[in-house]
Amino acid sequence: MPDSNKNTPPGALNAVSAVSRRSAADFILNNAMYIIIALAIIFIAIKVPAFLSLPSIINIISLTASKLPIALGVAGCIVLTGTDISAGRVVGLTACVGASLLQMADYTNKMFPDLGVLPLWAVFLIVIAIGAAVGLVNGFFVAKFKLHPFIVTLSTQLIVFGLVLMYLMIGTNNGQTLSGLDGSYTEFIRGTLFTVGGVAVPKYVLYSAILTAVMWVIWNKTKFGKNMFAVGSNEEAANVSGVNVFATIVGVFVLAGALYGVTGFIEGARIASCSANTGLTYESDAIAACVIGGVSFVGGTGKISGIVIGVLLLQLIFVGLNFLSVSANMLYVIKGVIILAACAIDMRKYLSRR
C-alpha cells in the first residue's frame with residue numbers, strides 16, 4: 001500500500017504540524033486555570049490524603065452550596081459586562097438582620113428583648129426584600145445614568161457597610177456580635193438532610209440545589225434570561241430589537257440582591273454569629289468563581305453549570321490550602337492571583353475570537 005506522506009508536499013506537512021501545535025497551545029492556554037487547579041488538587045491530595053476523605057468532601061460540597069447563591073447573583077451582573085462589589089456587604093447586612101430577628105426569646109444579650117422570635121418565612125422575606133432594595137438602587141443608577149457598575153456598587157458597598165455598623169449599635173447591642181440564635185432557625189439551615197457514612201449533609205445543600213435549578217430555568221427558559229444575554233452581548237442591538245434594556249438591567253441587579261439576601265439568611269445560621277465583618281470579601285470569591293466557570297467580563301457569556309463548577313473548584317483550592325496550613329493572609333494573595341489570571345485568560349479567549 002503506498003505511503004500517503006510520500007505524495008504530500010513537505011510544506012503542507014509543516015503547515016499541518018504548525019496548526020496542530022498551535023491548536024494544542026491554544027487548548028492549554030484557554031484551559032490553563034482548570035489545568036493549574038487540577039494539578040494543585042492532585043498535589044494536595046498526595047501531600048495530605050485526608051483532603052479527599054469523606055468528611056472533607058462533604059465539607060467542600062457544603063461550602064460550595066453556601067457560596068452558590070451569591071455567585072449566581074454576581075454572575076448576572078458580569079453577563080451585563082459589569083460586576084457587583086457590594087455583594088459581600090449586602091450578605092453581611094442581611095445576615096445581621098436575620099440573626100437579630102431570630103435570636104432566642106430568653107437570650108441574655110438579645111438585640112430586641114421585647115420582640116419574640118419571628119416566623120422564619122417572615123424573616124426570610126425581610127432579608128430578601130433588603131437585598132432586592134439594594135439591587136434596585138444599583139440597577140437604577142447603572143441603567144438610568146449609564147454609570148459603570150463598579151462605581152455604583154463601590155458606593156453602595158460603603159453605604160451598606162455603614163448601615164451594618166449603625167444597625168449593630170441599636171439599643172444596648174453596642175456593636176456586639178449577634179449570637180444565641182433560635183433552634184428553629186439553625187435547625188432549618190444546618191439541620192441534617194441525610195448522612196453519608198456517618199457524616200451529616202446539612203439542609204442548606206438542598207436549598208442551594210433547588211435555587212440553582214430555578215436560576216437555570218430563569219437563565220435558559222425565560223424571556224428575561226434571553227434579554228439579559230442580549231443586553232450583555234450588545235446593548236444597542238438589544239434596544240433596537242425591542243428589548244427593554246432599562247428593565248432588564250434593573251431586573252438583573254434586583255435578582256442579584258435577592259440572591260445575596262438568600263446567602264445572608266443561610267450564612268446567619270451557618271456561622272451562628274454575625275458581626276460587621278460577616279460577608280467580607282465574599283464578592284471576590286464570587287467573582288473568581290464566575291470567571292473560572294466561564295462567565296466572561298466581555299458580556300453575554302455564561303452558564304449555570306460553569307458557575308457551579310467554578311465555585312466548587314475554588315472551594316477545593318481553599319480547603320486544600322487549609323490542609324496545607326497556608327495562612328489566612330496568604331489566601332488573599334492567592335485569591336487575587338486567581339482573579340487576575342482568570343480574567344487574563346478570559347480576555348485572551350475573547351481576542352482570539354475577534
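Contact means heavy atoms within 4.5 Å. The structure is a predicted model, so local features need pLDDT of at least 70 and side-chain atom pairs count only at pLDDT 80 or more, while totals for chains, interfaces and linings use all residues. Residues are numbered from 1 along each chain as its sequence is written, and side-chain values use heavy atoms, with hydrogens and water left out.

The protein chain holds 14 helices and 2 strands; these are DSSP runs (helices are H or I, at least four residues; strands are E, at least two), numbered from the N terminus. Its C-alpha atoms fill a box of roughly 95 × 55 × 35 Å along the principal axes. Of the 354 residues, 47% count as buried, where buried means under 20% relative accessible area, exposed means over 50%, and partly exposed is in between (1.4 Å probe, protein chains only).

Now for helix packing. Two packed helices are described by the angle between their axes and the distance between the axes. The axes are lines fitted to C-alpha atoms, for helices over the stretch in contact, and angles run from 0 to 180 degrees between N-to-C directions. Angles under 35 degrees count as roughly parallel, over 145 as roughly antiparallel, 65 to 115 as roughly perpendicular and the rest as oblique.

Take helix 4 (residues 87-101) and helix 11 (residues 245-271): their axes come within 7 Å and cross at roughly 50°, and the two helices are therefore oblique to each other. On the helix 4 side, A87, V90, V91, T94 and A95 do the touching, and they meet Y260, G261, T263, G264, E267 and G268 in helix 11. That contact divides into 5 nonpolar, 5 polar and 1 charged residues; Ala, Val, Leu, Ile, Met, Phe, Trp, Tyr, Cys and Pro count as nonpolar, Asp, Glu, Lys and Arg as charged, and the others, Gly among them, as polar.

Helix 11 also packs against helix 7 (residues 183-190), with axes that come within 9 Å and cross at roughly 105°. This pair is therefore roughly perpendicular. Here Y185, T186, F188, I189 and R190 in helix 7 meet G264, F265, I266, G268, A269 and R270 in helix 11. By class, that makes 6 nonpolar, 3 polar and 2 charged residues.

Helix 5 (residues 120-145) has 26 residues and reaches 37 Å from first C-alpha to last, close to the 38 Å expected at 1.5 Å a residue. The expected span is 1.5 Å times one less than the number of residues. Its buried residues include V123, V127, G131, V134, N138 and V142, and what covers the buried residues of helix 5 includes helix 4, helix 6 (149-167) and helix 11. Just after helix 5, K146 takes a positive phi of about 55°.

V48 sits in the loop between helix 2 (32-47) and helix 3 (54-79) and is buried, at a relative accessible area of 18%. Leaving out residues up to four places away in sequence, V48 touches F323 and L324. From V48 to I126 is 78 residues in sequence and 43 Å in space, C-alpha to C-alpha. D285, in helix 12 (residues 282-292), also counts as buried, at 9% relative accessibility. Apart from neighbours within four places in sequence, D285 is in contact with K67, L314, F318 and K335.
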